[in-house]
Amino acid sequence: MYPQQNDIRNTLDLSGLWQFKLDPHEQGERERWFEGLAGTRTIAVPASWNEQFQDTRDYLGTAWYAREFYVPTGWRDQRAYLRVGSANYVAQVWANGQLAGGHEGGHLPFALDVTDHVRWEEPNLVAIQVNGDLEPTRVPPGNVRQGLGGFMRGYPNTSFDFFPYTGLQRPVILFSVPQDHIADVTAVTTIEGRDGLVHVTAWQEGGALDGQVVLAGEGGQWAARLSFTDGCARAVFRVRNARLWSPDDPYLYRLTVTLNDGASTVDRYTLEVGIRTVAVQGDKLLLNGQPVTLTGFGKHEDFPVHGRGLNVPLVVKDYALLKWVGANSYRTSHYPYSEEAMQLADHEGILIVDEIPAVGLRFDDGEKNIEARAAQCRRQMQELIARDKNHPSVIAWSVANEPFPTNMIRRFTGGGGEEREDSDAIGTRFLEEMLALARELDPTRPVTLVGLMGGPVEWLALSDIVFINSYYGWYVLGGRLDAGAEMLAQQLDSLHQTLGKPIVISEFGADAIPGIHSDPPEMWTEEYQVELLRRYLDVAVARPFVVGLHVWNFADFKTGQSVGRVGGMNHKGVFTRDRRPKMAAHFLRERWTAQEATAAAGACDPRAEPASSTQ
Ligand code: BDP
């Protein structure tokens with residue numbers, strides 16, 4: 001659960017300046033650096049370490065962070081936890097020289113019980129060892145053996161197209177809870193007629209206390225007693241004429257769970273709850289029983305200097321730009337984003353497709369590697385759903401981005417790619433397993449995997465909603481916009497005919513270097529980017545089963561260095577990296593905000609070209 005400061009619980013944010021030291025020869029543990037770091041420099045947390053110094057840009061190996069802090073005396077009777085929001089990729093934590101625990105996986109929080117390590121009335125030392133090496137067994141993988149002897153390979157050698165930023169990228173927080181405490185709360189909402197039902201499950205740890213749950217918001221306040229059996233208790237509220245959560249009206253009720261010991265309150269935790277449902281029906285995606293069309297982007301957590309580090313003003317700014325451009329949604333490509341981003345999405349009514357870092361997966365490098373990645377994907381899926389299950393903004397889980405079939409290159413080059421290979425069958429089992437796990441952990445949301453253009457249809461068929469990345473007019477049929485649009489139309493029609501499910505075009509776009517122009521449009525110009533997006537929007541609008549369009553990308557973002565990435569950047573953003581609109585942003589705004597106007601006027605298809613704009 002996200003740490004909370006209230007009358008009982010406490011939080012102490014350790015963001016700020018930390019001591020920092022690289023450990024390229026892995027000597028720190030042997031030399032007991034966790035007892036105190038010597039010869040350090042000062043670094044900011046949270047932030048990726050890569051761009052804070054010139055010599056750390058491409059350093060992904062082991063490094064150490066340390067800082068001292070006091071624990072408030074008032075916490076003496078409570079349990080204390082150290083919570084790391086994101087340590088990319090693997091971390092070990094020492095408190096006052098004692099190993100407190102560790103974590104693998106770069107974008108999800110972990111909390112370690114440090115109660116027994118705390119020193120009262122004197123400074124405490126925390127040391128965190130982080131390693132971000134790229135390895136085939138990690139998720140996402142890197143340094144994967146590839147054909148072509150390294151020809152055209154990028155640096156660093158990732159299996160994904162974004163910079164492998166490393167370090168303590170989200171806040172490190174010390175928090176305390178009472179000995180007997182609320183361990184978890186889940187709120188699931190359903191709708192019956194005009195009523196909203198809020199189904200609450202609460203878990204307590206340590207005690208055999210009674211509890212109470214109160215829901216408050218428009219229409220009143222509702223309370224129920226929680227009696228725990230085996231640490232778990234349930235309650236259901238019926239909210240008559242509920243004010244439903246939606247992008248147009250992201251209304252949140254407040255749900256407060258308390259544990260009571262006779263007369264006094266022992267623990268308290270408050271959640272914001274949006275009453276809404278998500279469902280797939282035939283080839284439609286339904287929000288609160290009504291068809292919804294996703295407009296938006298694939299994004300990245302990325303900005304100069306702090307890299308992938310949490311930057312709350314940037315989260316706010318990005319949501320303001322999403323609204324400005326008329327977007328209602330985005331995908332957390334290609335890893336879970338900050339908890340603050342999810343909270344703000346709840347407040348602002350942004351629909352989120354929440355993705356684990358399973359990008360660049362292949363199934364042809366041996367059972368050991370494949371199983372190591374599967375284990376890691378399972379863990380990340382569990383941790384992601386545990387973290388984000390209560391956000392009304394989260395409307396779907398994505399278990400992978402562009403899993404790579406072995407015969408892909410042959411598929412593209414026309415060399416008989418249709419025959420199945422063993423590794424494709426391994427891939428099928430892998431993806432089936434991840435989708436089944438997500439469905440089991442959360443039966444209330446659709447699940448998907450994001451397919452690679454031209455990838456196996458049998459993989460797309462496994463999803464509840466078909467997500468497909470499509471680069472006709474760019475990587476395929478580059479320079480040929482009309483031929484690209486024709487291919488897109490054919491592919492969509494054939495997928496719809498075969499699968500009969502709603503389709504989201506989850507990536508499409510063209511790199512555009514800001515300020516480069518041409519007429520007629522040529523690749524890499526702003527005009528070409530606009531014209532490519534226009535064609536995709538036009539093809540989609542004629543196909544009601546296309547229930548979403550996510551442009552790749554919201555903003556330009558940093559990548560490794562390679563022949564396809566000018567200045568170490570992917571330039572498919574419709575905003576520049578510093579959030580200035582390219583021509584494409586104005587184009588989308590014209591299309592997507594006009595959609596609101598026509599929708600409000602009750603006109604037919606909201607995605608249609610506005611009458612005033614020129615073709
Ligand atoms: C897609 C990937 C995305 C890349 C994009 C691109 O899903 O991560 O950045 O292509 O090449 O294949 O721009």
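Modeller: Start with residue classes. Ala, Val, Leu, Ile, Met, Phe, Trp, Tyr, Cys and Pro count as nonpolar, Asp, Glu, Lys and Arg as charged, and the others, Gly among them, as polar. By that scheme, the lining of the second largest cavity has 8 nonpolar, 3 polar and 3 charged residues. Keep in mind that this is a predicted model.

Colleague: How much space lies in the second largest cavity?

Modeller: About 130 Å³. It is lined by 14 residues, and the closest to its centre are Asn88, Leu134, Pro140, Phe160 and Pro164.

Colleague: What makes something a cavity and not a pocket?

Modeller: A cavity is a set of points where a 1.4 Å probe fits but cannot get out, whereas a pocket is an open set. The search of the whole structure gives 5 cavities of 30 Å³ or more. The largest cavity has a volume of about 180 Å³.

Colleague: Which residues lie nearest the centre of the largest cavity?

Modeller: Lys299, Glu301, Asn311, Leu314 and Val315, out of 20 lining residues. Helix H1 (residues 312-325) gives the largest share of that lining, with 4 residues. By class, the lining of the largest cavity has 7 nonpolar, 6 polar and 7 charged residues.

Colleague: And what is the volume of the second largest pocket?

Modeller: About 1000 Å³. Its lining has 37 residues, with Met1, Tyr2, Pro3, Arg83 and Tyr269 nearest the centre. Strand E13 (181-192) is among the elements that supply at least two residues each. E13 has the largest share of this lining, 5 residues. The classes in the second largest pocket are 15 nonpolar, 11 polar and 11 charged.

Colleague: Why is Arg591 called buried?

Modeller: Buried means under 20% relative accessible area. Arg591 has 2%, so it counts as buried. The residue is in helix H9 (residues 583-600).

Colleague: What makes the pair Arg591 and Asp538 a polar contact?

Modeller: The cut-off for a pair of N or O atoms is 3.5 Å. The contact between the side chains of Arg591 and Asp538 is 3.0 Å.

Colleague: How do you know whether Leu112 is buried or exposed?

Modeller: The same cut-off applies: buried is under 20%. Leu112 has 11% relative accessibility, so it is buried. Leu112 is in strand E9 (residues 110-113). Between Leu112 and Val546 there are 434 residues in sequence and 44 Å in space, C-alpha to C-alpha.

Colleague: Why is Asn143 called partly exposed?

Modeller: Buried is under 20%, exposed is over 50%, and partly exposed is in between. Asn143 has a relative accessible area of 42%, so it is partly exposed. Asn143 is in the loop between strand E10 (124-131) and strand E11 (167-168). Its phi is near 50°, a positive value in a residue other than glycine.

Colleague: Is Asn96 buried or exposed?

Modeller: Asn96 has a relative accessible area of 12%, so it is buried. Its phi is near 50°, again a positive value in a residue other than glycine. Asn96 lies in the loop between E7 and strand E8 (98-104).

Colleague: What is omega for the cis peptide bond between Asn88 and Tyr89?

Modeller: Omega is about 20°. Tyr89 is in the loop between strand E6 (87-88) and strand E7 (90-95). Another cis bond runs from Ser333 to His334, with omega near -10°. His334 is in the loop between strand E24 (329-331) and helix H2 (339-348).

Colleague: How many residues surround the ligand?

Modeller: There are 13, and the closest are Asp161, His334, Glu402, Tyr475 and Lys572. By class, the shell has 4 nonpolar, 4 polar and 5 charged residues.

Definitions and conventions: Residues numbered from 1 in each chain as written. Predicted model: local features only at pLDDT ≥ 70, side-chain atom pairs only at ≥ 80, totals over all residues. Heavy atoms only, no water. Buried < 20%, exposed > 50% of the residue type's maximum accessible area, 1.4 Å probe, protein only. Polar contact = N/O pair within 3.5 Å; in protein donor to acceptor, adjacent residues only side chain to side chain. 1 Å grid on protein atoms, 1.4 Å probe; cavity = no way out; pocket = protein on both sides within 12 Å on 5 of 7 lines; lining within 4 Å. Points joined across faces, edges and corners; volume = space filled by probe spheres on them. Near = heavy atom within 4 Å.
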